[in-house]
Every structure is written in structure tokens, then in C-alpha cells.
Amino acid sequence: MAGDNDKLRSIAPALPSASILIVRDGSAGLEVLMMERAKTMRFAPGAFVFPGGKVDGDDMKLWRWRRQVSDIRMNRETAYKIAALRELYEEVGICLVTNNVVGVGKADLSTSGKMMAKRGGGNGFRKALIKQGIMLDTKSLEPFAHWVTPENLPKRFDTYFYIARHNGQKAKHDGNEAISHRWVNPSDLLNNWEADKVPLMFPTRMNLMKLARAKTAREAVRMARQTPVVRTLPIIHQNNGKPEVSITNHREFGTVSATERELMTERPK
């Protein structure tokens, strides 16, 4: 029994985080917005990822967000949605808001509002929304996936992925975490990964495979709405002395393992 307790204590807590797939219809079909992480980043340098990050403590203070989100019933998931939309704005400059607000102005933040949002974390973002008189369109976000970092890693995340259609705003990467952004067809990006032209993390590849089943943005969101989200917790084990990360009997993917390239991409510097 003591050994079991020691094992439980050794598992690092999975920090709440959120990510978002913004989709649109391009000239070649379905497109999703991806960021290229800076090669100087300690985690996943150079990887192509969806906008996202950790849930801020202020994102969790839901009583403060009652007038800044479109969710009718607020719960713990609302905090994840707020984080996803805040990170979307901080990293690529898209502010996904609802027009169903009395006196709503531009679906964007003013220059001073942008500074307030990016410097003040969750609370600064909320105050910037209040100043501009706009409301986050949390209601439009559909749950897409749920990934948890393997239990025997020192730094872990409990990440909810959401999907939403693009509102037409021009994306602009922050130049810090994201050094570039691009709209990509999921199948094309997967082909480029196969050809070793772009680095991806294992969950990113799996989510792109899921997204590639749709042909249009409307279909992608509808499929997400109709497909129950499965909590995915990969397992790390040793295979001939080398670590292997895999998911087993997954409802959507079956049994699949991360490649060595993916493990190298995710490995901290």
C-alpha cells in the first residue's frame, strides 16, 4: 500500500490548458489556422501547433466573466473556452466575439485595449473586452478533443481542444511564441509531415487526422458537435530500451504510437 501511495505522489499534476482549431473554407477546401513556434522555445521548438496555452487563474474566476461570455450556463468548461479565446487573441490577433451585444462596436480591440489584454493576462483581457463593449463568443466553440500528458512525465497538461469557424479577422502572429502562421489544408500538412518537411507533436497529428475527415468548415464543426469527445491519455513504455508513447484501443484511432520524430519535437531542450 505504501508503494502505491508513493507512486500516486510521484505523478505531477496535469495543468489545465486549452487550444483552438479555427477553420475556414479556402480555395483548396477546408483550412485550419496553425502557428509555427519559435525555435528558441524550450518546449516543442519549431513545431506547428494550434493556438493555445495554460488556463489563467483569472480565467477561472467565472463570476467576473458573466457579462463577457455568451455561454448561458457557465461551468468549469467555460474557463477553458475563455483561455482558448484569450490565447487565440494573444498569439494570432483574432478576437472571436458575438454580435449579439447591445451597442457592440468593432469586433476587435482598440490599440489601448490590445495593450491591456496582452499585458494583464486573463483579467487584462476581460477589462479590454469591457472597455470595447464586446463579448466573447464562447457559445460557438465546439469540443473537439481532450488530451492529457502521460503520467510519468515531469511536466503535464490537461488540454481541451475546441473548434470554431473563422470570423474573417486577419491573423497576425505575435512574433514571440509564434514566429509565423498559416492557413493549411489538414491533409496537405499531414503529407508534408510524412515527407519530413514540418515538425508536429503527436496530439497535433492525431487532431489533424480527425479534422481531415471533413471537407468544409461547416462539416468540421458539425462533425465535432455530433462526435463524443474521448479523453486520451497516452502511455509511455520501454521498447527495446527506447521509450515509446502510444494510445491503445482508442475509439477514433485504434492503437497507434508516436514516431521518433514526434518524440524529439516534444522533448524539452
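Which residues have the most contacts inside the largest nonpolar core? I put this to the model, which is a predicted one, and found that the core has 35 residues, with Ile20, Ile22, Leu88 and Leu141 having the most contacts inside it. I then listed the elements that give two or more residues to this core, and they are strand 1 (14-26), strand 2 (29-37), helix 2 (76-92), helix 4 (121-132) and strand 8 (156-165). The largest share, nine residues, comes from helix 2.

I looked up Ile20 next and, leaving aside its neighbours within four places in sequence, noted contacts with Phe50, Pro51, Ala84, Leu85, Leu88, Leu141, Tyr162 and Ala164. I also recorded a second, separate core of 34 residues, which includes Trp147, Ala220, Ile236 and Leu263.

I turned to the pairing of strand 1. Strand 1 and strand 8 run parallel and are joined by 10 bridges, and among the bridge partners I noted Ala164 of strand 8 for Ile22. With strand 4 (residues 52-54), strand 1 pairs in the antiparallel sense over three bridges, and here Ala18 has Gly53 as its bridge partner. Strand 2 also runs antiparallel to strand 1, with four bridges between them, and these two strands form a hairpin with two residues between them. I found Gly29 in strand 2 as the bridge partner of Gly26.

My last entry concerns Thr204, which I located in helix 6 (residues 202-211). I count Thr204 as buried because its relative accessible area is 6%, where the cut-off is under 20%. Not counting residues up to four places away in sequence, Thr204 touches Met34, Phe48 and Phe50.

Definitions and conventions:
Residues are numbered from 1 along each chain as its sequence is written. This is a predicted model: local features need pLDDT of at least 70, side-chain atom pairs count only at pLDDT 80 or more; totals for chains, interfaces and linings use all residues. Side-chain values use heavy atoms; hydrogens and water are left out. Buried means under 20% relative accessible area, exposed over 50%, partly exposed in between (1.4 Å probe, protein chains only). Contact means heavy atoms within 4.5 Å. A nonpolar core is a set of buried Ala, Val, Leu, Ile, Met, Phe, Trp, Tyr and Cys residues joined through side-chain atoms within 4.5 Å. Two strands pair if DSSP finds at least two bridges between them.
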